[in-house]
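Visitor: I am new to this structure. Please show me how to read a few of its features.

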Amino acid sequence: MKRKKQSNQIETTIKSTHDVRVRFNDCDPLNIVWHGIYITYFEEGREAFGRHHGISYLDVKKNGYVTPIVKSSCEHKKPLSYGDIATVETIYVDTLAAKMIFKYQVYNQHKELVCTGETTQVFVDDQGEMALQIPDFFKHWKQTVGL
């Protein structure tokens with residue numbers, strides 16, 4: 001694993017990739033993907049990551065939690081256009097805190113980096129209380145993937 005600047009976060013090699021076809025309604029009048037759509041692409045990548053690694057939204061919900069996003073960032077490098085095929089790479093960032101952090105890299109069909117980003121999610125239980133400690137099921141998941 002690669003260490004990051006913050007001492008309590010480690011960017012892992014736990015990742016997945018997911019292809020997205022740019023739809024007509026993703027584009028603005030300039031025929032490029034509207035900037036807010038990239039957050040949707042991040043979500044598609046995160047859902048694919050969850051299904052692939054056994055930590056999907058339904059897995060989290062089954063354990064009595066939801067994970068709302070409390071922070072997101074997005075940096076645009078190049079535009080995507082209608083009909084392009086984008087690849088979203090989603091990377092899990094490990095942390096000691098009771099939250100999930102994901103980094104994203106979006107590439108066009110020419111393997112050029114078009115966008116990067118990051119989201120942070122917290123654990124909220126069925127009573128609407130934010131978890132201050134990592135939930136047991138998530139500790140177990142982290143052990144399962146070797147963290």
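Guide: Start at glycine 54, which follows helix 1 and has a positive phi, near 75°. Helices (H or I, at least four residues) and strands (E, at least two) are DSSP runs numbered from the N terminus. The model is predicted: local features need pLDDT of at least 70, side-chain atom pairs count only at pLDDT 80 or more, and totals for chains, interfaces and linings use all residues. Residues are numbered from 1 along each chain as its sequence is written, and side-chain values use heavy atoms, leaving out hydrogens and water.

Visitor: Why does the span of helix 1 agree with what its residues should give?

Guide: The expected span is 1.5 Å times one less than the number of residues. Helix 1 has 17 residues, so it should span 24 Å, and its end C-alpha atoms are 24 Å apart.

Visitor: Is arginine 46 buried or exposed?

Guide: Buried means under 20% relative accessible area, exposed over 50%, partly exposed in between (1.4 Å probe, protein chains only). Arginine 46 has 6%, so it is buried. Its place is in helix 1. Contact means heavy atoms within 4.5 Å. Beyond four places in sequence, arginine 46 touches residues including Tyr57, Phe102 and Gln121.

Visitor: Which residues touch the most other members of the largest nonpolar core?

Guide: Such a core is a set of buried Ala, Val, Leu, Ile, Met, Phe, Trp, Tyr and Cys residues joined through side-chain atoms within 4.5 Å. Here the largest has 30 residues, and Tyr41, Leu80, Val106 and Phe138 touch the most other members. Helix 1 gives the most to this core, five residues.
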